[in-house]
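Work through the exercises below with the model open. Each task is followed by a stepwise solution.

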Amino acid sequence: LIVMPRDPENKSYPLSDYPEIFITELIPYIDSHYPTQTERTGRMIGGISRGASWALRLGVSQAGMFMKLISEPH
């Protein structure tokens with residue numbers, strides 16, 4: 001399952017509340033509606049361009065949640 005969310009406010013770090021929403025709302029929603037692997041070993045985060053920056057920040061700050069970080073800067 002690949003989820004590609006969009007930040008509608010398009011604010012830059014640290015002004016956006018997107019990381020908080022991603023961790024506290026989006027991931028729990030996905031886990032409750034789809035047959036996901038909720039263990040760290042079954043979860044990766046990645047992004048391209050601006051998404052790579054968010055993935056890097058979330059991957060580092062929530063290292064216990066993700067097994068692998070895939071980040072491709074633009």
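From the N terminus on, the elements run α-β-α-β. That makes two helices and two strands, taken as DSSP runs numbered from the N terminus (helices H or I, at least four residues; strands E, at least two). The model is predicted: local features need pLDDT of at least 70, side-chain atom pairs count only at pLDDT 80 or more, and totals for chains, interfaces and linings use all residues. Residues are numbered from 1 along each chain as its sequence is written, and side-chain values use heavy atoms, with hydrogens and water left out.

**Exercise 1. Identify the residues of the largest nonpolar core and the elements that supply them.**

Step 1. Buried means under 20% relative accessible area, exposed over 50%, partly exposed in between (1.4 Å probe, protein chains only). A nonpolar core joins buried Ala, Val, Leu, Ile, Met, Phe, Trp, Tyr and Cys residues through side-chain atoms within 4.5 Å.

Step 2. List the members. The largest core has nine residues: Tyr18, Phe22, Ile23, Ile27, Ile45, Trp54, Ala55, Leu58 and Phe66.

Step 3. Assign them. Helix H1 (18-33) and helix H2 (50-61) each give two or more residues. H1 provides the largest share, four residues.

Step 4. Of the 74 residues of the protein, 23% count as buried.

**Exercise 2. Check the span of H2 and locate its buried residues.**

Step 1. Compute the expected span: 1.5 Å times one less than the number of residues. H2 has twelve residues, and 16 Å is expected. From first C-alpha to last, H2 reaches 17 Å, close to that value.

Step 2. Pick out the buried residues of H2: Ala52, Trp54, Ala55, Leu58 and Gly59.

Step 3. Look down the axis. The buried residues of H2 fall within an arc of 160° (directions from the helix axis to the C-beta atoms), so they line one face of the helix.

**Exercise 3. Find the salt bridge and describe the setting of its partners.**

Step 1. Apply the criterion: a side-chain nitrogen of Lys or Arg within 4 Å of a carboxyl oxygen of Asp or Glu.

Step 2. Name the partners. Aspartate 31 and arginine 43 meet at 2.8 Å, N to O.

Step 3. Aspartate 31 is in helix H1, and arginine 43 is in the loop between H1 and E1, twelve residues apart.

Step 4. Aspartate 31 is partly exposed at 22%. Arginine 43 counts as buried at 12%.
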